[in-house]
Amino acid sequence: MTFLNRLVDKALKDPYVSFLLVKLEKQYANHFMGKNTEIHNLTEKEYLDLLRFADILCRSEKYEARNIAYKIISLLHVFYNDDQMFKLQAYNVLVKLGNFPSIEIVLGETKVESDEILIDKIVKETYQAAPGSSNIFTDTQYKLFEKMKDSNHFSFSGPTSFGKSFIFESFIKYLIEKKNGADNIALLVPTRALIHQVSTKLKNVIKDRKYKILTKPIVPLLYKQGDTRFIFVFTPERLISYLSEANPVINYLLVDEAHKLLSETDTRAPLFYHALMIAKRKSINLYFSSPNIPNTDIFLQLVGNSVEETLSIKENSVAQNRFFIDCIEKRAIYFSEYGEEQVLEYSGYHNDPHTNLKNAIKILGKNNPNIIYCNTKDDTIQYALEFAKTLPYTSDNELEQLINLVRDTMHEEYYLVDCLNKGIAYHFGGLPQRIREKIEVLFQKKVIKNIFCTSTLLEGVNLPAKNIFILSNAIGLTKLSKIDFWNLAGRAGRLTEDLSGNIICLRIIDKKNRWENPAKDLQVIKDKSVEDVSSVLMTNKGKFYVNIGHSIKNEPFTRKNVTDNEKRMLDSYGNILAYHALSKTDSILRSKFIDRNNQAKEIINYLEKLNKVPENILSQSSTIKLVYQNKILSSSIKMNIPKKTGYQECLDLLNRLYDLYNWGKEESGGRNPFVRNKAVLGYYAVLMSSWINSQPLNVIINKTINYFDVNSKEISINNRDVVLFEKDNRAHINHIVNSVVSDIENVLRFKIKIYVKNYVDLLTIKNQKSEEIIDIPNWDNYLEYGTTDLTIIELQNLGFQRHIASFLKNKYLDFFIMENGVITNFLEIELKEQLQKSKYKQEFEEVSNTLGWS
């Protein structure tokens, strides 16, 4: 052991160090609460001793020592940021840690003279330079990057603030340089909400003009010409669609938010697994990124790769401070990293929950960017509205533009307008993408200071803040797991802007899943360690492999009280198993099914006799039971699909799908079923006919409001109260607006599209076998693109969003060269010049983002 290592070990065990750390934490906690703490402040000697210990600990290789060194600097910075001694020592510590983004925060305009630190900095800036950028890797980022370069597959995890996206961006640049632009690369993201955010960022950082960033599973003819290569940003369903057709080979797949693969409650998890196994079967190199997971090898195990190529990172790039404010029992606590919990004075207690929240944001949030996690959509909107009422009107040009956009493209009575008028916003997956992204931009610019949100932050949306207030310890009805909690809480603190962030668990109401049992609920924030995670594919939890066999044979499960979510998961894995068995895919799912289910051979034989559906259709229909697909294929009844796309044709098609795929049984269960009863199909037909006939969102919303009014339809408020819709009731209008946006995205473009795609594919097979040649319209494309116009579809394939594609077709189609309805070239420079001179400033900005002009 070296002398330095002995010094570090001694410091880690030294009671005096612990005493100083606890005292510093207490000073910070009281300061954060707005209390005068001079009598508890550090003495001059204690301050200098802490700097000395930070200098020792930062030189260690142990993450525990390095985290303490950084924590000391982050807390001292609050009180000593003008002190030259502090700046010198902080500069030294940050260089030793390789945390270059934080140096500017500490130094500001100050120039520090130190040959030793300068040499150390120059060496690291030289060796740890990130490819294709002026950024420098931190020590841990560099260690990870070097390991990834030497591996054909890899899995890593780290804190939310670690910079996982930056690692992936740098790795893409490295692959492009190493392979001389020969390979195609894909990023897999868990939801559509992330596609545009990730692809826009890539367009800004990938400078090689040979590469096109695509988000649809179709490569436009325009980009097939010449030596073009591709970076795709896909969700699992889009990756499956792409890999099921004859498309350019993908060489590398980078999987973001990989922990979604392990979920036992998210019904998208089986689709995630299915997509990865198809990629593995295509010999694509797989790289996994996840938050805070210690056993990162689990993802490699699930796809059958060797498990040595892993790294779990525990070093922090941003420090975090943990608080609990209990407004019911009137107590405030700081959770120390190094000692006992500290009870604090807090002056914001009140009997009203909205006043409790207002006081907390005012006292603790101050003028910093704050995220307020509310869990449900209804709570998110309600808390934001009530908070907005306490604020003065805000005058800002960018806010005004966003307010006009909401009024023009959604509805003038939409509650978001009230919030934006006061300089705050709410944010959830059901907002239109263009609105949601503009909210994120204005939050990053600090034009919007407070943002109220649901669990969309857990999907990987990049939205860090100085403070995060956590009002609920659940997602929906399910308690936050440690991984989800720390993925959410990890948003506190912004690398390059903050040395530390604050996590405030805030109990403002005595209600279920609102920290109602602090002794039990607070364990998730008290204990920062995350246990090893597992997958039901490996544990066989709940007789998993027996039950997916029952799903395949349409037999009762081993338990009577199977939830709707569990049923969907078992059915989906059963469908995937069927595909693996029929396609002879070597997978952990198939091998463990054979090992763990005594009737496995019999069930596989049953599948082989039952199934007539081609493999490429099965692979794209993993959420649909084989029995229904085979009934359609073997039916002697003449089937077709409408040529027209009016309301009645949409309703006829939906009724046909309802019967053929047994939606009454398969899609009617759970708290929020896709079809509670057949009557809802009329509403979906209104949406469907408007959407696929290229109508803008505000028109679709107004048509839906009119449909509910004229037909005296009922709506369910807060998932509880069923009331008759009133067109003059603002709450009812807002309910319709949120439902329309959510149902277009989750029902039309996902649920119904999957069934329509399967139906179209099966009809195509049936017609190939008959002598009659019938033209089958691609209704699945109509649903995906929101149009029957092939030009608008072509423009969307180039990367433009639906509304911009319609705009370009109507205003600037002359700049696109068409042959037989296909875009073969376009006059990009001329288009840019014309748009710049036009009155369409908003559209110019969006086109610029898509084409990487900005």
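Modeller: What follows moves from the chain as a whole to its aromatic rings.

This is a predicted model, in which local features need pLDDT of at least 70 and side-chain atom pairs count only at pLDDT 80 or more, while totals for chains, interfaces and linings use all residues. Residues are numbered from 1 along each chain as its sequence is written, and side-chain values use heavy atoms, with hydrogens and water left out.

The protein chain has 39 helices and 21 strands, these being DSSP runs numbered from the N terminus (helices H or I, at least four residues; strands E, at least two). Along the principal axes, the C-alpha atoms fill a box of roughly 95 × 65 × 60 Å. Of the 854 residues, 59% count as buried, a term that means under 20% relative accessible area, with exposed over 50% and partly exposed in between (1.4 Å probe, protein chains only). Among contacts (heavy atoms within 4.5 Å) between residues at least 6 apart in sequence, 69% join residues at least 24 apart.

Turning to the rings, the structure holds 43 aromatic pairs. Rings of Phe, Tyr and Trp (its six-membered ring) pair if their centres lie within 6.5 Å, and planes under 30 degrees apart count as stacked, over 60 as edge-to-face and the rest as tilted. The ring centres of Tyr252 and Tyr287 lie 6.1 Å apart with their planes at 35°, so this pair is tilted. The pair links distant parts of the chain, since Tyr252 belongs to strand β5 (residues 252-255) and Tyr287 to strand β6 (residues 285-291), 35 residues apart. Tyr252 counts as buried because its relative accessibility is 7%, and Tyr287, at 2%, also counts as buried.

For Phe485 and Trp515, the ring centres are 6.4 Å apart and the planes stand at 90°, so the pair is edge-to-face. This pair likewise links distant parts of the chain, with Phe485 in helix α20 (residues 482-489) and Trp515 in the loop between β17 (500-507) and α21 (518-521), 30 residues apart. Both Phe485 and Trp515 are buried.

Elsewhere, one aromatic cluster is formed by Tyr658, Tyr661, Trp663, Phe674, Tyr683, Tyr684, Tyr707, Phe708, Phe725 and Tyr755.
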